[in-house]
Amino acid sequence: MLNKWKRVDWSIVFIVFIFGILSIALIHSGVAAWPKFKGNDTKMIFFYIAGFMAFFGMMLIDFRLLTKYFLYLFGAGAILMIIVIFKGEELNGAQGWLNLGFINLQPAELFKLVLIITLAALLMRKYRMRLLFWRDVVPLGLVTLIPFALAMKQNDIGNGLSYLVILLGMLWIGKLKYSHALIILVITAVAVVGGIKAYVTFHDQIATTLKQTNKEHWLNRMDPWLLPDKADKNAAYHTKNASVAIAAGGMFGNGYMKGPYVQSGRVPYTYSDSIFVVVAEEFGFFGCSVLLLLYFILIHRLILISLECKDKVGPLLIVGVVAMWLYQIFENIGMFMGLMPLTGITLPFISYGGTSLLINMASLGLAMSVRIHGHEVDDDIPRTTRASLTRSS
């Protein structure tokens, strides 16, 4: 046990501790103009305490045991995703939360970690083998489409897209052929460009259909991004004010709790999805750069762990976690700069949210488990565990 604690990368723990301080301070500033949400900063303290418990708990579990039981994890996650469709609470057009009393559980967030473990377990069986398109890539895509379809049924496009990004990242490290990667890239580019072109060209017909099927919230997400002139005033209000607030921050910002747009309440959800706006307006370009630098250091440390790992499944797990975070960071920041559509995606470790933080901390614990247990050769693994792992592979 002592040797395991010696292998903990305490620089990562320190970075997350800094994230916790920043998160609580930024949430405190973000809720100042919203009396309804005051107290979320205090709740985030307890979420971080629970998060560190999840981190250390996951860290001590041999990650290979999780990949062994991936089918049970996948099944449980899928059941929760189905339950939330019928019994879940709706927020901002997305029906994705289960009220458990002490926390609102979001199964779509939980499934990101489940999907990473599942894909890693399946790709592990093709270790050092080139992936074949029909035999390997297509089945893995179908596995990913299950949670993607369930997330889209919940109107949760943000988490739905994260599943696809995780798949692409893990396929790449799983020895995807360059020709297949090119095919996927071309298909993705054609689908995105074609979809945007079709949306712009047939906007009126699409808008009519969405309104008739009570899917009008999709217009509120897509119009401010692609057709700001046609966007509903209320729909464009969020992104427009957020963009102005970011620009108003300048180089060094207006000072903590002195952002005019944030403190006047003109930017919604500044404690959660829009928390990057708080950073930009109050601390400017310099503050944003420091935050991104912390993310870079964290991801760099995780990549180093994957390179040092002697086990075949460890790097797959870490790449899945890194892909998940890179997507969330890019989407969360990009949607306020006109680069991405507005989605309900959190900024990792910073935005308010119990489920999101717990999953991120558990994912980080999984990566730390790779560092602690990934150096072990067969002789270092307990005999019973080694036998079970051998049977599963």
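Which residues does leucine 364 touch, not counting residues up to four places away in sequence? In this predicted model, leucine 364 touches Ile12, Val16, Phe55, Leu298, Leu302, Trp325 and Phe349, where contact means heavy atoms within 4.5 Å. The structure is a predicted model, in which local features need pLDDT of at least 70 and side-chain atom pairs count only at pLDDT 80 or more, while totals for chains, interfaces and linings use all residues. Residues are numbered from 1 along each chain as its sequence is written, and side-chain values use heavy atoms, with hydrogens and water left out.

Leu364 is also among the residues with the most contacts inside the largest nonpolar core, together with Phe19, Leu302 and Phe349. This core has 106 residues. A nonpolar core is a set of buried Ala, Val, Leu, Ile, Met, Phe, Trp, Tyr and Cys residues joined through side-chain atoms within 4.5 Å; buried means under 20% relative accessible area, exposed over 50%, and partly exposed in between (1.4 Å probe, protein chains only). Helix H14 gives the most to the core, with 14 residues. Another core, of nine residues, lies apart from it and includes Tyr199, Ala207, Leu210 and Trp218.

Helix H14 (residues 275-308) packs with helix H16 (residues 354-373) at an angle of about 35°, the axes being 9 Å apart. Helices (H or I, at least four residues) are DSSP runs, numbered from the N terminus. Axes are lines fitted to C-alpha atoms over the stretch in contact, and angles run from 0 to 180 degrees between N-to-C directions. From H14, the contact is made by Leu298, Leu302, Ile305 and Glu308, and from H16 by Leu364, Ala367, Val370 and Arg371.

Glutamate 308 and arginine 371 form a salt bridge, with the closest N and O atoms 3.4 Å apart. A salt bridge is a side-chain nitrogen of Lys or Arg within 4 Å of a carboxyl oxygen of Asp or Glu. Because glutamate 308 lies in H14 and arginine 371 in H16, the pair ties together parts that are 63 residues apart in sequence. Glutamate 308 is partly exposed, at 48% relative accessibility, whereas arginine 371 is buried, at 18%.

By this rule there are six salt bridges. One of them joins arginine 64 to aspartate 62, with the closest N and O atoms 3.0 Å apart. Arginine 64 is buried at 5% relative accessibility, and aspartate 62 is buried at 10%.

Conventions:
Helix = DSSP H or I, 4+ residues; strand = E, 2+ residues; numbered from the N terminus.
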